[in-house]
Amino acid sequence: MKIVFAGTPEFAVSSLRAAARHHEVVAVYTQPDRPAGRGRGLAPSPVKLEAIARGIPVFQPESLKSEQARQQLRDLQADLMVVVAYGLILPKAVLAIPTHGCWNVHASLLPRWRGAAPIQRAIQAGDTESGVCLMQMEAGLDTGPVLLRQHTPIQPGELGGSLHDRLAELGAQVLSDGLGLLRAGLKPIAQPQPEQGVTYAHKLDKAEARLDWSQEAQVLERTVRAFNPWPIAEAQLAGERVRIHGAVALADNQGKAPGTLLAAGRDGIDIACGQGALRLRVLQRDGGKAITAADYLNARRDLIVGR
């Protein structure tokens, strides 16, 4: 079976490997190289690097809207196009080119968390479960019928990075299962998404990473976990901007105003919130690396209070 694979970030690499395991991946589509790092030099996507290592031809169009781009895809004569976090919109005309259309691996239990950042939004919202769906793509944003799905619990205290990695592997498994059925002539039955329960996972904005102490401590803790490893939550702490890699919510704000320093010691730095308090456990100063609260306080002994 001839497959065209479209994907860009690290999340899609496991699925590319699954697609190539028993099938011929005739081409990989990925976004153009983007500036990265301190030097802002052009860097290839993780999917491009994987494709090059496997000797798979790589195409990097700015979009798939032109007739030239569509003809290029037609010439590949693919049986199926697999799309995983590609980052570019596929026009309706493109969806109809492969014999079996286009499949998408999406990191949520559709119809919950359609859109760009389903992993982080699930943690941020306090969901206790996530998963992946293999979806037959149609013109709408993640609205297509679901072919297969797998569930996984969101563990207490789980970070965005660990859930990302688990869902990447789960997505590869779901894709492998679907391709196996299709290869055997047993294409999975497409189940339309229910109209109830639709939510949208809007793209992450670095401005969201700034913590507002007037919010509930539980909300802030979930934001810290969701935004690790990117964009990493940040806040003002005693006149200094710090990034927060780890924190836990506490029940009592001692009746103090949001942003008040309640206590600081080896266990962490407690800040009053609108409801409850947030204990900062792992912090990062500008230009530094992530360190424990105890190490941070070695440089800020003026903050040691309450314990």
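This is a predicted model: local features need pLDDT of at least 70, side-chain atom pairs count only at pLDDT 80 or more; totals for chains, interfaces and linings use all residues.
Biologist: Which residues does Glu-50 touch, not counting residues up to four places away in sequence?

Modeller: With those neighbours left out, Glu-50 touches Val-13, Leu-16 and Arg-17. Glu-50 itself has its place in helix α2, residues 46-54, where helices (H or I, at least four residues) and strands (E, at least two) are DSSP runs numbered from the N terminus.

Biologist: Does Glu-50 count as buried or exposed?

Modeller: Glu-50 has 14% relative accessibility and therefore counts as buried, a word that means under 20% relative accessible area, with exposed over 50% and partly exposed in between (1.4 Å probe, protein chains only).

Biologist: How many aromatic pairs are there, and how is one described?

Modeller: A pair of aromatic rings is described by the distance of the centres and the angle of the planes. Rings of Phe, Tyr and Trp (its six-membered ring) pair if their centres lie within 6.5 Å, and planes under 30 degrees apart count as stacked, over 60 as edge-to-face and the rest as tilted. By this rule the count here is 1 aromatic pair. The ring centres of Tyr-29 and Phe-59 are 5.3 Å apart and their planes stand at 35°, so the pair is tilted. Because Tyr-29 lies in strand β2 (residues 24-29) and Phe-59 in strand β5 (residues 58-59), the pair ties together parts that are 30 residues apart in sequence. Tyr-29, at 1% relative accessibility, counts as buried, whereas Phe-59, at 21%, counts as partly exposed.

Biologist: Which residues lie on one side of β7, and which on the other?

Modeller: In a regular strand the side chains alternate between the two faces of the sheet. In β7, Cys-102, Asn-104 and His-106 are on one side and Trp-103 and Val-105 on the other, all of them buried, so that both faces are covered. Since 5 of the 5 residues of β7 are buried, this strand is largely enclosed by the rest of the structure.

Biologist: How many bridges join β7 to strand β9?

Modeller: Two strands pair if DSSP finds at least two bridges between them. Strand β9 (residues 129-136) is joined to β7 by 4 bridges and runs antiparallel to it, with Val-105 opposite Leu-134 in β9. Strand β6 (residues 80-84) pairs with β7 in the parallel sense over 3 bridges, and there Val-83 has Asn-104 of β7 as its bridge partner.

Key. Residues are numbered from 1 along each chain as its sequence is written. Side-chain values use heavy atoms; hydrogens and water are left out. Contact means heavy atoms within 4.5 Å.
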